Amino acid sequence: MKIQGRMFMWLSVFILAMAIVYGVWSKEPAGTTALFLAFGLAIMIGFYLGFTAKRVDAGAQDNKEADVADDAGEVGFFSPHSWQPLSLAIGGALAFLSVAIGWWLMYFSAPLILVGIWGWVFEYYRGENRTQ
């Protein structure tokens with residue numbers, strides 16, 4: 001994770017330099033703002049990866065002598081049968097569609113989003129998946 005953290009920190013420095021150059025040359029506020037926001041996102045990701053790398057064991061990507069097979073194994077737990085992302089996707093699509101069609105469509109999308117979030121958070125606290 002140290003390598004990825006450093007890459008994002010250097011990327012954030014580059015984006016900051018480009019945002020300043022673009023802002024001075026173009027005097028266009030939308031693009032300049034977007035570049036400064038991209039700088040903020042890159043610095044947050046780089047800081048998180050660097051902060052986390054200090055607290056976890058070094059991975060195979062941090063070892064210069066490591067082989068590809070050294071990074072093999074279980075990555076984590078991913079829910080194989082969850083229906084909650086479908087509810088969130090439909091609710092999110094309707095929410096973004098409400099900007100184009102009309103804000104009244106948000107009344108239909110908000111319950112779908114809330115049900116999807118609620119179900120995803122509490123998916124393994126009730127029902128048949130409680131013991132996983």
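## Two domains

The C-alpha centres of domain 1 and domain 2 lie 31 Å apart. Domain 1 covers residues 1-59, and domain 2 covers residues 83-122. These bounds come from an automatic or database domain assignment.

This is a predicted model, in which local features need pLDDT of at least 70, side-chain atom pairs count only at pLDDT 80 or more, and totals for chains, interfaces and linings use all residues. Residues are numbered from 1 along each chain as its sequence is written, and side-chain values use heavy atoms, with hydrogens and water left out.

## Helix α2 and its cover

Helix α2 runs over residues 29-53 and holds 25 residues. Helices here are DSSP runs (H or I, at least four residues), numbered from the N terminus. The expected span of a helix is 1.5 Å times one less than its number of residues. For α2 that gives 36 Å, and the end C-alpha atoms are 36 Å apart, so the two values agree.

Which residues of α2 are buried? They are G31, T32, A42, G46, L49, T52 and A53. Buried means under 20% relative accessible area, exposed means over 50%, and partly exposed lies in between (1.4 Å probe, protein chains only). The cover over these buried residues includes α1, residues 2-26.

S12 lies in helix α1. Its relative accessible area is 1%, so S12 is buried. Leaving aside neighbours within four places in sequence, S12 is in contact with F39, A42 and I43. Contact means heavy atoms within 4.5 Å. S12 and G40 are 28 residues apart in sequence, yet their C-alpha atoms are 7.5 Å apart in space.

L16 is also in α1. L16 counts as partly exposed because its relative accessibility is 28%. Not counting residues up to four places away in sequence, L16 touches F36 and F39. L16 and F39 are 23 residues apart along the chain, with 5.7 Å between their C-alpha atoms.

## The loop at K27

K27 sits in the loop between α1 and α2. Is K27 buried or exposed? K27 has a relative accessible area of 66%, so it is exposed. K27 has a positive phi of about 55°, although it is not a glycine.

Helix α3 spans residues 84-101, and S87 is found in it. S87 has a relative accessible area of 15%, so it is buried. Not counting residues up to four places away in sequence, S87 touches L112, V115 and G116.

At 0% relative accessibility, S98 counts as buried. Its contacts, not counting residues up to four places away in sequence, are W103, L105 and M106. S98 and F108 are 10 residues apart in sequence, and their C-alpha atoms are 9.6 Å apart in space.

## The largest pocket

Rolling a probe the size of a water molecule over the atoms shows where empty space is left. The search uses a 1 Å grid over the protein atoms alone and a 1.4 Å probe; a pocket is an open set of points with protein on both sides within 12 Å along at least five of seven lines. Grid points are joined across faces, edges and corners, and a volume is the space filled by probe spheres set on the points. The largest pocket holds about 160 Å³ of space.

What lines the largest pocket? Its lining residues, each with an atom within 4 Å of a point, are M1, K2, A53, V56, D57, A58, G59, Q61, D62 and D71. By class, the lining has four nonpolar, two polar and four charged residues. Ala, Val, Leu, Ile, Met, Phe, Trp, Tyr, Cys and Pro count as nonpolar; Asp, Glu, Lys and Arg count as charged; the others, Gly among them, count as polar. A53 belongs to this lining and is also one of the buried residues of α2.

Methods
Helices (H or I, at least four residues) and strands (E, at least two) are DSSP runs, numbered from the N terminus.
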